[in-house]
Amino acid sequence: MYKQSTMHKNQEAVDELGRRAYDIAQEIYPFCRSLTGEGVRQTLKALQRHIPLAIHEVPSGTTAYDWTVPLEWNVRDAYIKDAQGRRVIDFQRCNLHLVGYSVPFKGTLKREELLKHVHVHPTVPDAVPYRHSYYQDSWGFCATHRQREELLDEQYEVCVDTSLVPGHLTYGEVIVPGRTDAVMLVWTHTCHPSLANDNASGIGVAAVLAACLGAKSRHLTYRIVFGPATLGPLVWLSANEAVVPRIQHGIVLACAGDLGSMTYVRSRRGNAPVDRAMAHCLKQAGRPYVIRDFAPEGYDQRQFCSPGFDLAMGCVMRTPYGEYAQYHTSADDMTFITPAGLGDTMVTLLDVCDTLDNDRTYVNTNPYGEPHLGKRGLYQDAASLGMGWTLNYSDGRHSLLDIAERANMPFAAIAVGAERLRMSGLLREITRNN
Amino acid sequence: MYKQSTMHKNQEAVDELGRRAYDIAQEIYPFCRSLTGEGVRQTLKALQRHIPLAIHEVPSGTTAYDWTVPLEWNVRDAYIKDAQGRRVIDFQRCNLHLVGYSVPFKGTLKREELLKHVHVHPTVPDAVPYRHSYYQDSWGFCATHRQREELLDEQYEVCVDTSLVPGHLTYGEVIVPGRTDAVMLVWTHTCHPSLANDNASGIGVAAVLAACLGAKSRHLTYRIVFGPATLGPLVWLSANEAVVPRIQHGIVLACAGDLGSMTYVRSRRGNAPVDRAMAHCLKQAGRPYVIRDFAPEGYDQRQFCSPGFDLAMGCVMRTPYGEYAQYHTSADDMTFITPAGLGDTMVTLLDVCDTLDNDRTYVNTNPYGEPHLGKRGLYQDAASLGMGWTLNYSDGRHSLLDIAERANMPFAAIAVGAERLRMSGLLREITRNN
Amino acid sequence: MYKQSTMHKNQEAVDELGRRAYDIAQEIYPFCRSLTGEGVRQTLKALQRHIPLAIHEVPSGTTAYDWTVPLEWNVRDAYIKDAQGRRVIDFQRCNLHLVGYSVPFKGTLKREELLKHVHVHPTVPDAVPYRHSYYQDSWGFCATHRQREELLDEQYEVCVDTSLVPGHLTYGEVIVPGRTDAVMLVWTHTCHPSLANDNASGIGVAAVLAACLGAKSRHLTYRIVFGPATLGPLVWLSANEAVVPRIQHGIVLACAGDLGSMTYVRSRRGNAPVDRAMAHCLKQAGRPYVIRDFAPEGYDQRQFCSPGFDLAMGCVMRTPYGEYAQYHTSADDMTFITPAGLGDTMVTLLDVCDTLDNDRTYVNTNPYGEPHLGKRGLYQDAASLGMGWTLNYSDGRHSLLDIAERANMPFAAIAVGAERLRMSGLLREITRNN
């Protein structure tokens, strides 16, 4: 967890951004999301009240590369009743109690038979674990250790009132148009039920990010997509093959709200602009962070960074999945995430987007020696805006991000200095990096 | 020395391999080997009882690049007798007492004159040092400090009953044919007399390695050569110029039996497949080890890695030559090497050979996203066999060894996983690395 | 500061070289140098008694890239007199008291008005700071804190009897011709008044270096230039555009006499021969040192390494400017520099010049295996002169400096060994690096 000493100078503004994300996360937290179904639609419709989200429905049976959209799954009710008719395990109280994609079942089961279907967490006894049975014809319940231990009656009535019928996989997308059609893609997954950090937090942050990005003119076109993990990216990629070649940068966003420090997992390319911008912004922010190499595991970079696509997409998390005790349990609730954590993720992402959006390459029009800054009134701020660095390295081979890295100064300062030099005629833009 | 905690899981099998090498080392330890002569022939004939070794005889006067095969040297007897006729220094008791390649001499010498010919070890007083006088017309004896100090008589009778006459340089070679004529060369030197680690150990390990390699079908053709240092490689290279372009990997093997940790000296190329395979196997083995850069010193990589050849050959030792007190003294005897040390060297070499033999490059036939492993029954073992890594990096630019390095998993596991993927049609082999 | 234990083996010779530089520094220390003026001329004329220095005069108004040579500045007198007519601040006592390039002024000022023109050092109260007002129409005095605090009279008489009239910028140059016209440029700045380390020290060392370089036949042509900072290099480059393409190596020299360890700032190229030679010599010398990456700040590498020139010039200092308390104050006097410090800088520079002068690439004429050194009488010194390294890496791709780096041996030893091998016919020179 980051300490008071590493908080933001403008902590109030950060908290305010985080509060907006928190409110959205709180609103959509209760819905029973899964790979498909009404819970996802409820979530996306809630987002539509905040951002201009288009909702896409992809029919069951649609193929996407090696995969096929399954039947749509919905839950009317699910419970285990004891001999006295009490709902001792009840989906209505916590949607994690039902294993995701459980097939319908009704009947009375002997205790021993029932227990085969009641799962607990191996290490966190007080929490209900999160489980699903995608692509398997089975049903099950999840419970705390105590709930399972208290199943002492001889037999129980089981109700899994679900439906698995042809329907749709649902995803949402916001497009924030920029001056060019070069795309930065932000992807966050929507398939987890009531889990706050994984991933109500990512949904909330991505929604506020979409709103913030639209607030000023941008070079890049941003696409923020909300869809189910694994299959979602493949369905989206399959439906957007014309867009794929224009994706220059991307972020998979998850676990965005706990108080741990930021984690960035590099794209498969390892040194793509998004990787360098993220490393630069995290370093300049002066708060603790961790950067890891790509590995074909974790979130949806597994699909975006598969060798056929190999997109320049990294993964942004706070504490990585599986490395906090609450992961995939009922303890990952709305008390586990905070406006401060969500806000820190927000400003990091905005900083990275600004960096990628404003990176460009200039040439020094006066490359023989240092230009005489004094006679142009530029001497005063030259050092604080890194003008010496920008003039020296604007040789056509170094972009502003390259220069900010060398100078070990914030990109924003370098960019402001560069703009003053450009207006004085000392720099001429030659290329955009995008 | 490696600790109990880092020993092998299958320590008994390792000890058994080491025991076979130890027995061979013990058998050939007593022979008076040198650059040429009967001691080498005895050694190679002993090996012929274990492996299908071809013995080659190269006449004195044969040139090999800048060098010429010298006269053959043999010893009938050598001693220093005191005034009472006692052999106070006696080649029959320890062949290190006679300086190798000593020219014949018989006569009675005053003490002071004799002492000029009696060498001791500078730092190990109790041991007889090993010395030779190749390409010099001289003779000499080696002794312990005490033996030399006790030479107090006025004069001594000296007998160096050696012969230096046209004969042959002798080396042996085993060829283990593979499915291709790409060669892996293993070289170990045979020119040291009764020194156990340097290099009865290498001779023993190389002989057992040859036997083990022949036990299953191999991709590479292995050539295991037993010859004298420095001149031996040049004679072999000169006689095998047609083979040289096919040498893809190689190891110079020496000091293979002490209990120190493994040392690998990289080839001059520095990042050849053999260098990478060795680094990978040593790292995955989980025992302490040291890797050093190439230097034009040490064993016969000096010849194989000279700029005209620049072969991809590294050097495998346990404790490096010169870095143990017993080095080149009578204290390097059969108690200094152990089956456990020899066995650890053996399994390391076998692991490296298996890695080089099985390395290959595949392409993922389903590169857009992750393939659906569940529907192919591959999901269960996918993680333990690194299938995610193999699928992601099988893009035609990464071999299985590259992938094992990235995944930080044993090559063998990656190779098993790859084979399952290949059988499911998810991988297609495109090239062999050899 | 370096310790006795890291001093030179030939400390007396080093001190003697340092003493020569110290004497020159002491001689020119008192002169009132600035960007232009008589102080610079006095300095250069003093040097002419030691070295064959050509003095160049460049008229006011001459343009050099983005800059223009300003009016020439000279001082007849300058003081502040109190009510009793005492010179309480007096240029005659210390030329740092007058802000460099102060415009003429005479008059009586109220105390408060005067104090706006009297500058003190922010952190070193007892020292007079060094200031200038280039390209500004202003005047000022510098004083200790105490001197300023004692200005308690109601009003003071101020005299700044300077002249700013069309004249010249003056610089000096020594050319030490070599066998080729490939140039190594040594630049040191001459525009600071009575400051010993910055930069009477550099002037002294550069002068003795010029004398030493001329003492033996050289491959490179050396140009040692003494001129004002910032504008000086641009004036020189502008006047020597035909020479620029022949500048293969260069050093900007300053702060050459304190007792701190050596600092080297790499050229903008980062891995130019001068960067590698300097790193090699500093490492082999075995004394503490620091190497830093290029940054567009500090001394005149800012001009030489601007992107239009991008010359392979690094910067040699002892303690870097701004990192010692005496920097740019009257405390940087002749007690702050020592013959030992100056001598250490001298021998480092001579070592680097010798390395660059003698670096070349050979090919091994006998590349198949090691040549038989014994039969050529080369075996004895082979190890101490790194002959194995030189033979192995003389493959046309490694120069002697490359080899010395790999062998981790002094360049001089490698060069001596290479010369013996060349005379034996085992090496053939193919290219000069210059």
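Before I start, a word on conventions: residues are numbered from 1 along each chain as its sequence is written, while chains are lettered from A and ligands numbered from 1 in the order in which they are written. Because the model is predicted, local features need pLDDT of at least 70 and side-chain atom pairs count only at pLDDT 80 or more, whereas totals for chains, interfaces and linings use all residues.

Let me begin with how the copies are related.

Next, the places where chains touch. Between chain A and chain B, 13 residues of chain A are in contact with 13 residues of chain B, and by contact I mean that the C-beta atoms of two residues, placed from the backbone, lie within 7 Å. The side of chain A that faces chain B has 7 nonpolar, 3 polar and 3 charged residues; here Ala, Val, Leu, Ile, Met, Phe, Trp, Tyr, Cys and Pro count as nonpolar, Asp, Glu, Lys and Arg as charged, and the others, Gly among them, as polar. The contact of chain A with chain C takes 13 residues from chain A and 13 residues from chain C. On the chain A side of that contact, the largest share, 3 residues, comes from helix α11 (residues 387-393) of chain A, and the division by class is 4 nonpolar, 7 polar and 2 charged.

Within chain A, the domain assignment, which is automatic or taken from a database, gives domain 1 (4-69 + 169-357), domain 2 (72-165) and domain 3 (360-432). The centres of domain 1 and domain 2 of chain A, taken over C-alpha atoms, are separated by 31 Å. At their contact, 16 residues of domain 1 of chain A meet 17 residues of domain 2 of chain A, and the domain 1 side divides into 6 nonpolar, 9 polar and 1 charged.

In chain C, the axes of helix α5 (residues 196-213) and helix α9 (residues 339-358) come within 10 Å and cross at roughly 45°, the axes being lines fitted to C-alpha atoms over the stretch in contact, with angles from 0 to 180 degrees between N-to-C directions. That makes α5(C) oblique to α9(C), since angles under 35 degrees count as roughly parallel, over 145 as roughly antiparallel, 65 to 115 as roughly perpendicular and the rest as oblique. Among the residues that meet there are C:Val205 and C:Leu209 in α5(C), and C:Leu342 and C:Met346 in α9(C). The residues of this contact divide into 10 nonpolar, 3 polar and no charged.

In chain B, helix α7 (residues 273-285) and helix α9 (residues 339-358) pack at an angle of about 125°, with their axes 9 Å apart, and that makes α7(B) oblique to α9(B). The residues in contact include B:Pro273 and B:His280 of α7(B), with B:Asp351 and B:Leu356 of α9(B). By class, this contact has 9 nonpolar, 3 polar and 1 charged residues.

The last pair, also in chain B, is helix α1 (residues 11-28) with helix α5 (residues 196-213), whose axes come within 8 Å and cross at roughly 125°, which makes α1(B) oblique to α5(B). The contact is made by residues including B:Arg20 and B:Ile24 of α1(B), and B:Gly204 and B:Val208 of α5(B). Of the residues in this contact, 12 are nonpolar, 2 polar and 1 charged.

Definitions and conventions
Helices (H or I, at least four residues) and strands (E, at least two) are DSSP runs, numbered from the N terminus.
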